[in-house]
Amino acid sequence: MTETTETPKAVLRRLYPGKRLEDSFQWPIESLDTLESAFNVQEYLQQLIRKDYNDVHHIVELPDNVDDEVWQYEHLRQVCLELSLLVVALESECTKQNCPEMKADGWLYLCAAHPATQSVHCPAIDYIIHTLDGATILLNNSKYFPSRISVPEPSLKHFQSIARRLYRIFAHAYFHHREIYESFENETSLYARFLLLSQTYGLIPSSLVSIPDKEESNANDNEEDNDYNRNIPHNASAILLSQGS
């Protein structure tokens, strides 16, 4: 009696027209070694994000047999893709009238998309779009990034420049459009992932990190609430009730 070896079934990854979003991407998670594609690192990264976008430590952790330069490169490409969704969310509120300049936490940023950067103040939404476009064009420039399996040494300097500019988009959203920022972050954890990536690989100096972490922000909110409560008279509830009547 001879034994037969079953050939593993190929995983079909297809998005069919008319399929509901919550029913999409339901194929099994594949290991990086089994992804036979020129874009296998990108596909693997996107798998991790779909599996659990809140598990930023696992998403940022460098896989075996992947160069850390390539890992950073694919992460920055992915951040640009997802930040475009934040731009869509900001468009209704971050208008040229509401935000005539690109500011965040007291800083004013000049747009590098114009020849005379020292004299050009883009509206915030234009600055954000120009920054995303510039980062995307650079990351797709075959002169600096000719391959998806290795990154030339001279091109590594662009990672820090890209990361610093992308950080300003998060900062503007946080300090000027907090509700939109928090809603987006709750659905994606994109800033948490981007910050961990930047800290892991030294893409952004700590002196430029202006958005407080969640623990610090919650502590400040609680402190403000306590200060407010201490200033309320003990009979405040009775006063409010009498005013309501």
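Which residues in helix 1 meet which residues in helix 3? The legends below take up this contact and others in a predicted model.

**Figure 1. Overview of the predicted model.** The protein has nine helices and two strands. Along the sequence, their order is α-α-α-β-β-α-α-α-α-α-α. The chain holds 245 residues, and 36% of these count as buried. Among contacts with a separation of 6 or more, 64% join residues 24 or more positions apart.

**Figure 2. Helix 1 against helix 3.** Helix 1 spans residues 40-51 and helix 3 spans residues 68-90. Two packed helices are described by the angle between their axes and the distance between the axes. Here the axes come within 10 Å and cross at roughly 60°. Helix 1 is therefore oblique to helix 3. The crossing of helix 1 past helix 3 is right-handed. On the helix 1 side, the contact uses Val41, Gln42, Tyr44, Leu45, Gln46, Leu48 and Ile49. On the helix 3 side are Val70, Trp71, Glu74, His75, Arg77, Gln78, Leu81 and Glu82. By class, the contact of helix 1 with helix 3 has eight nonpolar, four polar and three charged residues.

**Figure 3. Helix 3 against helix 7.** Helix 7 covers residues 190-201. The axes of helix 3 and helix 7 come within 11 Å and cross at roughly 155°. Angles over 145 degrees count as roughly antiparallel, so helix 3 is roughly antiparallel to helix 7. Helix 3 passes helix 7 in a left-handed crossing. Helix 3 contributes Asp68, Trp71, Gln72, His75, Leu76, Gln78, Val79, Glu82 and Leu83. Helix 7 contributes Leu190, Arg193, Phe194, Leu197 and Tyr201. The contact of helix 3 with helix 7 divides into eight nonpolar, three polar and three charged residues. Trp71 of helix 3 is listed in the contact with helix 1 and also in the contact with helix 7.

Figure 4. Arg77 is found in helix 3. Is this charged residue buried or exposed? Its relative accessible area is 15%, so Arg77 is buried; the cut-off for buried is under 20%. The side chain of Arg77 makes a polar contact with the side chain of Asn140, at 2.8 Å. Leaving aside neighbours within four places in sequence, Arg77 is in contact with Gln42, Leu139, Asn140 and Arg148.

Figure 5. Ser155 is found in the loop between helix 4 (124-139) and helix 5 (157-176). Relative accessibility is 4%, so Ser155 counts as buried.

Figure 6. Trp107 lies in strand 2, which runs over residues 107-109. With a relative accessible area of 53%, Trp107 is exposed; the cut-off for exposed is over 50%. Trp107 and Arg168 are 61 residues apart along the chain. Their C-alpha atoms are separated by 9.5 Å.

How values were computed: Residues are numbered from 1 along each chain as its sequence is written. This is a predicted model: local features need pLDDT of at least 70, side-chain atom pairs count only at pLDDT 80 or more; totals for chains, interfaces and linings use all residues. Side-chain values use heavy atoms; hydrogens and water are left out. Helices (H or I, at least four residues) and strands (E, at least two) are DSSP runs, numbered from the N terminus. Buried means under 20% relative accessible area, exposed over 50%, partly exposed in between (1.4 Å probe, protein chains only). Axes are lines fitted to C-alpha atoms, for helices over the stretch in contact, and angles run from 0 to 180 degrees between N-to-C directions. Angles under 35 degrees count as roughly parallel, over 145 as roughly antiparallel, 65 to 115 as roughly perpendicular and the rest as oblique. A crossing is left-handed if the near helix is turned anticlockwise from the far one by less than a right angle, and right-handed if clockwise. Contact means heavy atoms within 4.5 Å. Ala, Val, Leu, Ile, Met, Phe, Trp, Tyr, Cys and Pro count as nonpolar, Asp, Glu, Lys and Arg as charged, and the others, Gly among them, as polar. A polar contact is a pair of N or O atoms within 3.5 Å; within protein, one must be able to donate a hydrogen and the other to accept it, and residues adjacent in sequence count only if both atoms are side-chain atoms.
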